[in-house]
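Here's a quick briefing to read alongside the sequence and the coordinates.

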Amino acid sequence: FSQYRGYQPGDDLRLLDFERGRYFHVLLDGAYFSIPFPSCWCANRLPLELTQQAEAAYRAELVQGCPEAADDDLFYTHLAAVSAYRIFNFLHYGMLQAEWLQKDGQWGISTVRQRSVMWFDNLARMAEQSGRFEGVATAAHGLAKRLRHIYPSDLEEMPYYPAFRR
């Protein structure tokens, strides 16, 4: 690393992961608590109480630089909107491929079916909480219900992360 400006042997070296670093809506990160780490291999479910606490902590920090986030209506409206965007963006890229309706696919430590049902359930909750997206809430509830009907009766609910299983 000696070719990098300012680095001297023995200095601390810190690596920063800018995972697809770009400008985007700040709540795309904030939605990760309700739509748990959608692109990550290790997605499981968080208890709702913890999700709400994490959202509150994220929001408290966000308010420091974005005072508009203190407005409940504005915050929850945008949180639901970006969550819908994230989920429907996955659909656009083939997340619910036709073959997965016939045979489940493993995606890391959960299955595609577990993820899809959990995402639609959570999106329905968030859309209802916002009070602005009745159509999205209805569609998300309907999609979760339809997927549960299509999928075999032995479909297990998305498990909690191991630290929260009892």
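Which residue forms a salt bridge with R148? That partner is D121, with the closest N and O atoms 2.4 Å apart. Before going further, note that this is a predicted model, where local features need pLDDT of at least 70, side-chain atom pairs count only at pLDDT 80 or more, and totals for chains, interfaces and linings use all residues. Residues are numbered from 1 along each chain as its sequence is written, and side-chain values use heavy atoms, with hydrogens and water left out.

**Confidence**

- pLDDT is the predictor's confidence in each residue, from 0 to 100; the protein has a mean of 85, and 85% of its residues reach 70 or more.
- Helix α2 gets the highest confidence, at 93, while helix α4 (residues 98–102) gets the lowest, at a mean of 71.
- Where pLDDT is low, the predicted coordinates should not be read in detail.

**Salt bridges**

- The structure holds four salt bridges, each defined as a side-chain nitrogen of Lys or Arg within 4 Å of a carboxyl oxygen of Asp or Glu.
- Back to the opening pair: R148 forms its salt bridge with D121, and since R148 lies in helix α6 and D121 in helix α5, the pair ties together parts that are 27 residues apart in sequence.
- R148 is partly exposed at 42% relative accessible area, and D121 is partly exposed too, at 28%; the scheme is buried under 20%, exposed over 50%, partly exposed in between (1.4 Å probe, protein chains only).
- R59 and D72 also meet in a salt bridge, at 2.7 Å from N to O. R59 sits in helix α2 (residues 48–65) and D72 in helix α3 (residues 72–92), so this pair ties together parts that are 13 residues apart in sequence.
- The R59 end is buried, at 11% relative accessible area, whereas D72 is partly exposed, at 47%.
- R132 pairs with D73 in another salt bridge, their closest N and O atoms being 2.4 Å apart. Here R132 is in the loop between α5 and α6 (134–150) and D73 is in helix α3, so the link joins parts 59 residues apart in sequence.
- D73 is partly exposed, with a relative accessible area of 36%.

**Helix α5**

- Helices (H or I, at least four residues) and strands (E, at least two) are DSSP runs, numbered from the N terminus.
- How far apart are the end C-alpha atoms of helix α5? They are 27 Å apart, which agrees with the 27 Å that its 19 residues (112–130) should span at 1.5 Å a residue; the expected span is 1.5 Å times one less than the number of residues.
- Most of α5 is covered, with 15 of its 19 residues buried.
- S130, found in α5, is buried at 8% relative accessible area.
- S130 touches D73, Y76, T77 and A80, leaving aside residues up to four places away in sequence; contact means heavy atoms within 4.5 Å.
- G131 follows α5 and has a positive phi, near 70°.

**Cysteines**

- The disulfide count is zero, where a disulfide is a pair of cysteine sulfur atoms within 2.5 Å.
- C40 is in no disulfide, and the nearest cysteine sulfur to it, in C42, is 3.0 Å away. That distance is too far for a bond.
- C40 is partly exposed at 23% relative accessibility, and C42 is also partly exposed, at 23%.
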